Amino acid sequence: TSEGYTQFDYPAFIALNGAFLPIIKQLFRMEDDSEIYTDNKHGIVATINSKAIIMEGCGVINAGGFAIHANENSVINANGAIANTTGNYNSCNIYANNSSIINANYANTSGSSYSRICICAKNNSIINANYAEAAECGYGILARYGSKINAQFATILHPYFGVYAFNNSVINADYVYMPNSEFYGIGAEENSKVNAYGANVSGSNRGVLANRNSTVNVGGANISNTSTGIEADNGSTVFALDANVNYASVYGLNVQHGSTVNAQYIRINDTGQRAVFVDTGSTVYADNSQMQRAGVYGIYATGGSKVVAYKVNASGAGTSGIYADKASTVIAQEANVSGSGTYGVYANNGSKVDIYKANASGAGTSGIYADRASSVTAQEVNISNSRNYGVYANHGSKVDAYKVVTTGVVGTVFNVFDNSFINASGTTGSTNITRNVITSNGIILRW
């Protein structure tokens with residue numbers, strides 16, 4: 001027997017073994033029958049090299065299981081069709097399985113009280129669902145096991161997961177509209193790929209996930225008002241150029257375990273905790289980006305990670321505009337990290353920060369702080385009006401502060417402790433040791 005079609009299944013229409021259903025030119029409503037297990041009350045089915053055509057505005061509503069289903073090398077043309085289910089746990093409105101194809105552009109799968117999946121392609125199948133509509137479902141659009149779904153300009157309302165690709169699958173969903181997903185708006189896992197340029201997943205619990213060697217393209221997307229805007233994990237890549245990730249309540253970007261996010265010109269303003277969090281050998285490229293008013297950190301790189309953010313605006317962070325820890329590197333030349341609550345820039349535990357010509361003025365404690373064998377390149381940086389220290393180097397750290405601007409620094413401007421080094425040439429301002437003299441605390445060079 002064909003998968004899913006046994007003596008216990010009750011499709012309203014079925015073509016099998018190379019058959020071709022009569023063209024469906026009506027919209028059929030399936031009625032409940034308590035004597036038949038409703039999960040097996042399918043609508044229109046083509047299976048085992050079979051075909052079906054469903055005309056625009058026609059199809060099936062209130063199916064118990066699958067409303068439109070192509071299985072085992074079958075093809076269904078259902079452009080503009082209507083397909084929904086009664087909302088049983090195993091229900092799926094449009095389902096292509098086992099190397100089958102469904103053409104369902106402009107299809108309407110809304111109207112179910114709740115469907116487990118609105119549109120699903122599985123096992124090397126293809127669905128074309130551009131401009132389709134879906135609502136009230138566990139997964140809005142789901143591709144699994146080498147399948148492909150084209151769903152550009154689709155609309156998906158109130159899903160638990162919006163668009164999700166698993167197991168070497170691909171979903172093309174540019175300009176998809178699916179705000180307020182209960183969990184993830186867009187996800188790709190296990191060597192899968194989602195293209196969703198210009199998508200709208202605003203208000204979702206979590207915006208975008210790329211996991212386990214997967215790739216997501218959300219350039220120009222609206223990913224605002226989430227808990228975490230973009231997550232990349234386990235060797236995955238996200239392209240988020242010019243995306244809107246404002247107002248994330250936790251993280252704007254969360255990038256871990258050898259993953260990469262390309263986020264030039266991204267906007268990640270007003271995050272609750274960290275605008276950018278990069279961990280475990282991961283990389284973020286965020287030139288010309290906006291990360292203002294982060295609740296705790298603008299950029300936080302740790303665990304041997306790297307951030308390149310030329311001309312980033314990470315001003316007004318609650319704690320630090322830039323924080324590099326555990327052998328990490330941040331390159332943020334001409335950045336704006338002014339007005340940070342504690343530190344403009346903090347390099348810790350063997351980390352490196354390059355903020356040539358940056359603005360680190362107005363820090364609550366220190367404009368630049370390097371600790372535990374870390375180094376900061378801060379030539380011509382503005383550290384004016386820091387409220388405790390200007391530059392602080394501790395535990396064998398180094399700061400190149402050539403020609404930094406020190407106007408209005410409260411307290412000692414240049415400070416070295418425990419065999420550290422500051423190059424303060426071309427500057428003015430007080431020092432905690434006699435300049436140009438090697439001491440147990442280190443040396444401050446100035447001439």
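Alanine 154 touches Ala129, Tyr131, Ala132, Ile141, Tyr175, Val176 and Tyr177, leaving aside residues up to four places away in sequence; contact here means heavy atoms within 4.5 Å. Alanine 154 sits in the loop between strand E14 (148-150) and strand E15 (155-165), where strands (E, at least two residues) are DSSP runs numbered from the N terminus. The C-alpha atoms of alanine 154 and asparagine 254, 100 residues apart along the chain, are separated by 27 Å.

A word on the basis: this is a predicted model, in which local features need pLDDT of at least 70 and side-chain atom pairs count only at pLDDT 80 or more, while totals for chains, interfaces and linings use all residues. Residues are numbered from 1 along each chain as its sequence is written, and side-chain values use heavy atoms, with hydrogens and water left out.

| Residue | Relative accessible area |
|---|---|
| Cysteine 58 | 8% |

Now to the cysteines. The structure holds 0 disulfides, a disulfide being a pair of cysteine sulfur atoms within 2.5 Å.

Next, the nonpolar interior. A nonpolar core is a set of buried Ala, Val, Leu, Ile, Met, Phe, Trp, Tyr and Cys residues joined through side-chain atoms within 4.5 Å. The largest one has 111 residues, and those touching the most other members are Ile186, Val218, Ile230, Leu253, Ile355 and Ile422. Strand E13 supplies the largest share of this core, 4 residues. Apart from it lies another core, of 11 residues, including Cys92, Leu142, Phe161 and Tyr164.

Finally, the largest pocket, which holds about 390 Å³ of space. A pocket is an open set of points on a 1 Å grid over the protein atoms alone, where a 1.4 Å probe fits, with protein on both sides within 12 Å along at least five of seven lines; lining residues have an atom within 4 Å of a point. Its volume is the space filled by probe spheres set on the points, which are joined across faces, edges and corners. The lining has 19 residues, of which Phe66, Asn90, Tyr95, Arg116 and Ile117 lie nearest the centre. Strands E9 (92-97), E11 (115-122) and E13 (133-144) each give two or more residues to this lining, and E11 gives the most, with 4.

Definitions and conventions: Buried means under 20% relative accessible area, exposed over 50%, partly exposed in between (1.4 Å probe, protein chains only).
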